[in-house]
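Subject: Structure for your review

Dear colleague,

Please find below the structure that I am handing over to you, with its sequence. My notes on pockets and helix packing follow it.

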Amino acid sequence: MTARGILTTSAYVLEHNKRRLLILLGILALILFFYGIRSVFEGLAALVGQMPGLLITLIFYAFAFIAQFGALMWFLSRPRTYTVTPDDPQLGLSFDDYRGQPDLVDHAKTLVRILGGVERFKQAGGEMPKGMLLSGQPGTGKTFLAGVIAAEAKLPFIYIDASSLRSMWMGVDALIIMSLFRKGRGLGRKYAKPGTPGACILFMDELDSIGMSRGGVQGGQQQGGMGPMGMFAGGGMGLNTLLNQMDSLGQHVEDRLKVKIARWLGLVRGPVPPKPLVFVIGATNRPDVLDTALTRPGRLDRALIVYPPDGEGRKDIIQHYLSKKAHDETTDVDMMAQDSIGWTPIHIKTIINEALIVAHEDGRDKLSYKDWLAAADQRFLGLKQPIHKMSADDKRAVAYHEAGHAVVNYYLRPEDRMKKASIIRRGETLGVVQSSEREERHQLHARQIETDIMVSLGSRAVEELILGTKLAGASSDLMQATNGALTYVARLGMGSTLMVAPASMAGYPPAVLVLVDNMLGQLYEETKRLIQEKEYAVHAVAGSLIERQELIGSELDEVFKYAEEAHPEKAAPFVRKTLVLPKMEDLMKNGANGHMPMLAIPEVPVQPVPGQPPGPPVPGPVPVPPVGGGGGNPT
């Protein structure tokens, strides 16, 4: 600073504080006038002499107050935060560790370059984004992606579990959020590159715990009232503070205390230089309940949905985790990718580790594809617990029950592959039939839902046509078929009406239930026709299950192959009839004519009131038939 600049600043400071100096000089003059110079100096000397004792007393009382209230509030309200700085890297992650989602990685690399201060971006007039929202089902890798971004950006990183901000003390959640942003700006300044204001990443996991909508039926934030001691029952202030910290006029005014004092004295003046960016990354499984002010442009406006990986992504993830485990070189990665359709990365990682546990328990040092299948069954179906003393009749009934599912599945889904048929108890099931898509599908057609319903009805069709009975174990199958038909008619508009019932609807109109019953009836007749045509295959599969208890995909294919070779005259593909549902207007017309009992409203006689003539009958409640089946062991 030049001499002229120093003189100019000094003149401004004197002019800026002229009134304060005059007031101070006036106070000093009054003191000297009333007490005299000697008395004033004697008082100051006495005060200085008593200062050590007074200071000790003040410190004691301050610590006592903090111990009684401050420490207790801190202990009960402290959030779970973790801070990582560029000079002390702890995460040890890179973009190479995030597998199966190349598009997400490319987006994350772009974000990292912008946060790092790309000069070309700044020269073009670009402004730093304020935040990003990561949403998606549990286990898709939202938290992992945030960690990778933090590690690659070489920026200060603060991680906090947002649920820990829900303090029992009123207003503490707001104080914590203000403290987090103040800490983030401080770290941004400390590690800022030359010529840049700096940046810090603040990652808030489970953001919906504090970011829920402030009102409405979604369970919004509620301001806490005063408790018995006037400080309890707090909550709901954190969201407002978060919104204010992310985007408000506070971005343009000074927040550092020392600079505030300097501005008060006039030592610093002019516009506030750009503040360090606190880039907020929020992660949630429930983006639909977040407050709209939180996701508006200027806050968490970069919405990134993390989906489960597709086929190529799953293969990449499987190969990545297999490379870290001892495994058989003949393990079929393509088959594993087909088996894991719809799985999240954490599912795949967990099943591979479980497969190694299965191999270790079997006395082997390497996992194989069969270990992978066994681990998946344990995770999703339950532990294998055979019933060692099952009667021959029960065993035959379960085998034919599962054979019904297998036969319908085999002939109606030739494009899929059979994975397994088993009559070994797992979890709550006495048996299971599994199949998977050979190629991943991203659209659901009406005919696929009809096929799913027929597969569910295959067990009851076999029970009636071959066993000559009805088993309680089919109740779960019937429930699944009913839910599928309700979805088909009332949720997807695939029936004879385009009317779609809202998700909040407690029940279904009687006409919709009639359509569902009609649909189930038609599909059940088609299922019985298929079972009658392919009865030889039912006997073949059931006999093999009784003998071997469990058949994997290749073994099932051999059973069907031999059965068709033994009955070439019946081995033709099964041709389904087209499903035709009655029109809603026809149902309503029939109901008006009295031909549909479900829509008929019975009359309830009114009890006569003494002294008054009897009135007309009053319509009673509309009877709705049950849509679920009975109990029993689900299979």
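In this predicted model, helix α15 contributes the most to the lining of the largest pocket, giving 8 residues. The volume of this largest pocket is about 1200 Å³. Its lining is made up of 46 residues, and the closest to the pocket centre are Asn409, Arg413, Val433, Gln434 and Ser435. Besides α15 (446-467), the elements that give two or more residues to this lining are α11 (333-339), α13 (369-380), α14 (392-412), β7 (416-422), β8 (432-437) and α16 (475-491). Sorted by class, the lining of the largest pocket holds 17 nonpolar, 15 polar and 14 charged residues.

The second largest pocket has a volume of about 870 Å³. Of its 36 lining residues, Met128, Pro197, Lys275, Pro276 and Leu277 are the closest to its centre. Two or more residues come from each of α4 (119-123), α6 (172-190), α8 (237-246) and β5 (277-284). Strand β5 gives the most to the lining of this second largest pocket, with 3 residues. By class, the lining of the second largest pocket divides into 20 nonpolar, 8 polar and 8 charged residues.

The axis of α15 comes within 8 Å of the axis of helix α17 (residues 510-533), and the two cross at roughly 60 degrees. This angle makes α15 oblique to α17, and the crossing is right-handed. On the α15 side, the contact is made by Glu450, Ile453, Met454, Leu457, Gly458, Arg460, Ala461, Val462, Glu464, Leu465 and Ile466. On the α17 side, the contact is made by Met519, Leu520, Leu523, Tyr524, Glu526, Thr527, Lys528, Ile531 and Gln532. By class, the contact of α15 with α17 comprises 12 nonpolar, 3 polar and 5 charged residues.

Helix α17 also packs with helix α18 (residues 535-548), at an angle of about 75 degrees and with the axes 4 Å apart. Because angles of 65 to 115 degrees count as roughly perpendicular, α17 is roughly perpendicular to α18. In this pair, Ile531, Gln532 and Glu533 of α17 meet Glu535, Tyr536 and Val538 of α18. The contact of α17 with α18 has 3 nonpolar, 1 polar and 2 charged residues.

Ala108, Leu111 and Val112 in α3 meet Leu145, Ile149, Glu152 and Ala153 in α5.

With kind regards

Note on methods: Residues are numbered from 1 along each chain as its sequence is written. This is a predicted model: local features need pLDDT of at least 70, side-chain atom pairs count only at pLDDT 80 or more; totals for chains, interfaces and linings use all residues. Side-chain values use heavy atoms; hydrogens and water are left out. Contact means heavy atoms within 4.5 Å. On a 1 Å grid over the protein atoms alone, a cavity is a set of points where a 1.4 Å probe fits but cannot get out, and a pocket is an open set with protein on both sides within 12 Å along at least five of seven lines; lining residues have an atom within 4 Å of a point. Grid points are joined across faces, edges and corners, and a volume is the space filled by probe spheres set on the points. Ala, Val, Leu, Ile, Met, Phe, Trp, Tyr, Cys and Pro count as nonpolar, Asp, Glu, Lys and Arg as charged, and the others, Gly among them, as polar. Axes are lines fitted to C-alpha atoms, for helices over the stretch in contact, and angles run from 0 to 180 degrees between N-to-C directions. Angles under 35 degrees count as roughly parallel, over 145 as roughly antiparallel, 65 to 115 as roughly perpendicular and the rest as oblique. A crossing is left-handed if the near helix is turned anticlockwise from the far one by less than a right angle, and right-handed if clockwise.
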